[in-house]
Amino acid sequence: MTMVDPDGGSTRRPGKPLLELCDLRKHFPIRQGALFQRTVGQAKAVDGVSLTIRRGETLGLVGESGCGKSTIGRCILKLEEPTSGKILFDGADTAGFDRQDTAAFRRRVQAIFQDPFSSLNPRMKVEDIVGEPLLVHGVEREHSAIAARVRRLLDVCGLSAGLADRYPHEMSGGQRQRVGIARALALRPDLIICDEAVSALDVSIQAQIIRLLEDLRDEFDLTYLFIGHDLSVVRHICHRVAVMYLGKLVELSDCDRLFETPQHPYTKALLSAVPVPDPEIEERREHQVLTGEIPSPTNPPSGCVFHTRCPLADADCRSVVPELKTVGPDHAAACLKIDQRITEPA
Amino acid sequence: MTQEAVLDRAGAAPRRSSGWARFASLILADKKALVGLVILSLFVVAAVLGPVLSPYDPNAMDFDMIVGPSWTHPLGTDDLGRDLLSRLIVGTQISLFVGVSTVAIALVLGVGLGVLAGYLGGWVDHVIMRYIDLQWAFPNFIIAVYLVAVLGTGLVNVIVAISLAFVDDFARIARSMVLSIKEEQYIAAARTVGVSDFRIMWRHILPNATAPIIVQATVSVSYAILGEASLSFLGLGVEAATPTWGLILSESRSFISRAWWLGIFPGLAIMLTVLSINFLGDALRDFLDVREGRGI
Ligand SMILES: Nc1ncnc2c1ncn2[C@@H]1O[C@H](COP(=O)(O)OP(=O)(O)O)[C@@H](O)[C@H]1O
Ligand code: SF4
Ligand SMILES: [Mg+2]
């Protein structure tokens with residue numbers, strides 16, 4: 001594959017695709033039986049997602065719990081092997097990577113995880129946790145050089161050097177999450193997958209971590225895939241937002257446009273659950289409440305997967321699978337009724 | 001920096017006292033554990049200082065045959081006039097050595113197999129677990145008896161037999177630990193960072209799987225000592241000339257009506273060691289908050 005000068009300088013062209021998902025699918029086999037296991041079905045966690053993350057942008061990925069957000073993240077991180085589809089990083093298919101390519105890829109793509117308790121090895125000191133990427137990639141070999149770098153990383157992440165010889169259980173949740181961020185930053189990556197990176201934190205600490213992520217993005221030219229279910233957080237930090245439902249992308253848009261003029265009925269329902277600070281607007285805006293349970297990804301509904309809960313659903317929706325179609329500049333949605341509504345005279 | 005960062009720099013959460021200090025205070029508070037510790041220490045001292053402490057050569061015969069405990073022979077003599085105390089001290093060395101070495105070997109083999117099976121999964125897991133399940137179907141002692149029957153008697157063979165008989169216990173525990181630890185986010189984080197599989201097993205999984213393995217090891221030591229004594233009792237143990245506890249006990253059977261001390265003292269030695277190790281094991285189990293565990 002084509003790799004990259006070490007500083008990432010010349011390859012950084014803002015707006016160019018850094019990561020592309022092409023019809024990505026991840027189906028988990030459902031096995032039953034204690035002794036002789038047989039596959040009784042497939043959980044379609046991700047079912048045909050195409051998506052581009054541009055260099056320098058923060059792309060939000062939202063949707064109810066279980067819709068496949070983390071699975072997409074895990075596929076990108078090569079923690080999970082896609083069932084089908086392609087993941088292109090800087091134009092190169094990540095499935096075809098050999099050992100060397102994978103090592104180079106790991107240096108450029110990192111992750112920040114949700115749970116500040118379970119994402120740090122309880123038996124390792126902060127110094128070893130943050131220094132491990134440097135050690136295994138041979139960035140630094142001397143113990144003292146690693147220690148010095150770790151201290152600098154901690155400082156960048158707002159932690160005092162004195163925390164370096166602490167164990168995770170000796171720190172607060174916010175401190176731990178900063179350690180996780182320092183670890184992700186150690187190899188100077190281009191792309192960071194933030195999977196619910198602030199969801200487990202107290203609201204006041206959330207704001208601090210979000211600010212840190214923004215500062216780091218500007219300082220180190222980072223690209224984020226920001227997975228989250230808190231829409232106000234996503235609105236704050238993201239440039240574009242992708243909305244998922246049951247393994248599929250239903251809407252993809254510029255952040256402001258998505259929040260101001262959502263097109264897909266599911267997005268509208270999601271947004272109407274978020275209170276608007278201005279009471280006048282809150283009064284006037286239309287409310288759509290999602291009813292019914294989210295269907296199982298093992299047995300997704302036919303046609304449009306949202307039809308079991310959609311207020312606009314009709315017979316077509318039960319048989320025709322809607323494609324993601326452009327509905328405006330930098331704005332696409334997958335709903336059969338959108339064209340109609342746009343083209344029909346009022 | 002930011003406000004929380006300032007707090008963070010100050011260092012919010014207090015540091016905990018070290019594990020050893022807490023374990024020591026737990027043992028001091030737990031009477032059973034304390035008794036176990038004292039008794040076991042006595043046996044360890046006896047084993048280590050054996051030659052210095054022994055009043056007689058354990059195999060030296062004397063015309064004082066089958067004499068009860070007295071000032072010259074504190075625990076009496078056997079039918080050949082050999083000093084029982086001196087023989088039991090040699091037996092202590094063998095018992096503790098067999099107990100610790102078999103468990104060390106079983107632990108390394110079993111944990112190795114269990115971690116490989118649990119971490120790698122797939123056919124490796126299948127092959128290892130078919131074997132472990134097969135071994136699991138037989139009691140450890142039956143396996144040890146079978147192996148000695150195949151390998152022949154002698155110290156090394158006894159150690160090999162007992163070690164192999166215990167492998168499945170460690171493999172199962174290690175595997176089940178790995179299966180749960182594997183799902184932790186810090187394993188995903190390590191893989192994302194590019195840590196090799198070997199280093200993940202060694203640095204990330206094993207250190208987090210130690211608690212139940214240590215508890216199992218403690219329990220296993222007492223069962224291994226019991227196993228060696230039982231093998232010797234059946235004449236399947238270490239060479240006949242070596243005075244192991246099991247052998248002394250076995251030889252005492254012919255004189256049980258005339259010489260109570262020949263049966264009581266080796267029996268007591270076995271019982272006290274096993275009991276004290278189990279007391280300590282219980283304390284360790286409470287301390288490390290582990291359930292499960294299986295013996296012979
Ligand atoms: N390893 C797995 N085996 C089987 N099903 C899985 C596995 N991982 C995730 N799933 C299923 O895939 C779906 C999507 O999960 P996930 O990507 O974690 O959702 P999200 O992050 O959006 O909450 C869920 O229904 C979940 O049960
Ligand atoms: S296609 Fe039909 S069911 Fe699906 S979102 Fe649009 S209107 Fe609703
Ligand atoms: Mg998730």
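Helix H1 (residues 69-76) of chain A is the biggest contributor to the shell around ligand 1, with three residues; helices here are DSSP runs of H or I with at least four residues, strands are runs of E with at least two, and both are numbered from the N terminus. The model is predicted, so to speak of local features pLDDT must be at least 70, side-chain atom pairs count only at pLDDT 80 or more, and totals for chains, interfaces and linings use all residues. Residues are numbered from 1 along each chain as its sequence is written, chains are lettered from A and ligands numbered from 1 in the order in which they are written, and side-chain values use heavy atoms, with hydrogens and water left out.

The shell around ligand 1 takes in Phe28(A), Ala45(A), Glu64(A), Ser65(A), Gly66(A), Cys67(A), Gly68(A), Lys69(A), Ser70(A), Thr71(A) and Pro297(A), where a residue is near if one of its heavy atoms lies within 4 Å. By class that gives four nonpolar, five polar and two charged residues. Here Ala, Val, Leu, Ile, Met, Phe, Trp, Tyr, Cys and Pro count as nonpolar, Asp, Glu, Lys and Arg as charged, and the others, Gly among them, as polar. Backbone atoms reach oxygen atoms of this ligand at 3.2 Å from Cys67(A), at 3.1 Å from Gly68(A) and at 2.9 Å from Lys69(A). On its own, ligand 1 has 560 Å² of accessible area, and the protein covers 62% of that (Shrake-Rupley method, 1.4 Å probe).

Ligand 2 also sits among residues of chain A, namely His264(A), Pro265(A), Cys304(A), Phe306(A), His307(A), Cys310(A), Leu312(A), Ala313(A), Cys317(A), Cys335(A), Leu336(A) and Lys337(A). Its shell splits into nine nonpolar, two polar and one charged.

Between the chains, 45 residues of chain A are in contact with 29 residues of chain B (heavy atoms within 4.5 Å). Together they bury about 3,100 Å², 49% of it on carbon and sulfur atoms; buried area is the accessible area (1.4 Å probe) lost on putting the two parts together, summed over both. One salt bridge crosses the interface, the criterion being a side-chain nitrogen of Lys or Arg within 4 Å of a carboxyl oxygen of Asp or Glu. That bridge pairs Arg199(B) with Glu132(A), with the closest N and O atoms 2.8 Å apart. On the chain A side, E6 (109-112), H3 (126-136), H4 (143-156), H5 (173-185) and H6 (203-220) each supply at least two of the residues that touch chain B. H3(A) provides the largest share, five residues. By class, this side has 18 nonpolar, 13 polar and 14 charged residues.

Note on methods:
A polar contact is a pair of N or O atoms within 3.5 Å; within protein, one must be able to donate a hydrogen and the other to accept it, and residues adjacent in sequence count only if both atoms are side-chain atoms.
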